[in-house]
Every structure is written in C-alpha cells, then in structure tokens.
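Welcome to this short tour! Open your viewer, get ready to click on residues, and follow along one stop at a time.

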Amino acid sequence: MENEKLELISSMEFEENVPIYKIIDFLNKSLKDKNIIVGLSKSHNKIVISIYQT
C-alpha cells in the first residue's frame, strides 16, 4: 500500500465564497461514471451533504 498512487479524477478551482450547490454539481459530474451521487439538503439551519452509490 505504500507504493499506491492517488489517481486524480477531476479538478476545478472555485472562489472562496462559491455557493455550495456549485461544488455539489461539480462532484456529481465528476463522479457520475463511478456510480456516485452527492446530495445536498438543508435541515434545521444546517446543511446536510449525502453521498450515494448507485
């Protein structure tokens, strides 16, 4: 495991104050072929990020 390298899937630069939904959209587009979906919801003044495998 010491010689394993990380494989970059995708990269994008964001401004510091970018709305979080734009980050979630980027993640979903980048992970679509890996069968991963990222969800975003608001619950009691908190933001919930969920990760699903399809």
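**Stop one: Gln 53 and its contacts**

Select Gln 53 first. Leaving aside residues up to four places away in sequence, Gln 53 touches Asn 35 and Ile 36, where contact means heavy atoms within 4.5 Å. Gln 53 sits in strand S2. Helices (H or I, at least four residues) and strands (E, at least two) are DSSP runs, numbered from the N terminus. Now draw a distance from Gln 53 to Lys 32: their C-alpha atoms are 9.9 Å apart in space, while 21 residues separate them in sequence.

Before going on, a word about what you are viewing: this is a predicted model, in which local features need pLDDT of at least 70, side-chain atom pairs count only at pLDDT 80 or more, and totals for chains, interfaces and linings use all residues. Residues are numbered from 1 along each chain as its sequence is written, and side-chain values use heavy atoms, with hydrogens and water left out.

Is Gln 53 buried or exposed? With 67% relative accessibility, Gln 53 counts as exposed. Here buried means under 20% relative accessible area, exposed over 50%, and partly exposed in between (1.4 Å probe, protein chains only).

**Stop two: two loop residues**

Click on Asn 35, in the loop between helix H1 (20-31) and strand S1 (36-43). Asn 35 is not a glycine, yet its phi is positive, near 60°. Its relative accessibility is 40%, so Asn 35 is partly exposed.

Next, select His 44, in the loop between S1 and strand S2 (46-53). His 44 also has a positive phi, about 50°, without being a glycine. His 44 is exposed, at 76% relative accessible area.

**Stop three: helix H1**

Select residues 20-31 to show H1. H1 has 12 residues and spans 17 Å from its first C-alpha to its last, close to the 16 Å expected at 1.5 Å a residue; that expected span is 1.5 Å times one less than the number of residues.

Which residues of H1 are buried? They are Ile 24, Phe 26, Ser 30 and Leu 31. These residues cover an arc of only 160° around the axis, so they lie on the same side of H1; the arc is taken from the directions from the helix axis to the C-beta atoms.

**Stop four: a salt bridge**

Side chains of opposite charge can pair when their charged atoms come close. Lys 29 forms a salt bridge with Asp 25, their closest N and O atoms being 3.2 Å apart. The term means a side-chain nitrogen of Lys or Arg within 4 Å of a carboxyl oxygen of Asp or Glu. Because Lys 29 and Asp 25 are 4 residues apart in helix H1, about one helical turn separates them. Lys 29 has a relative accessible area of 59%, and Asp 25 is partly exposed at 37%. A search of the whole structure finds 1 salt bridge.

**Last stop: Ile 49**

Finally, select Ile 49, which is in strand S2. Ile 49 is partly exposed, with 46% relative accessibility.
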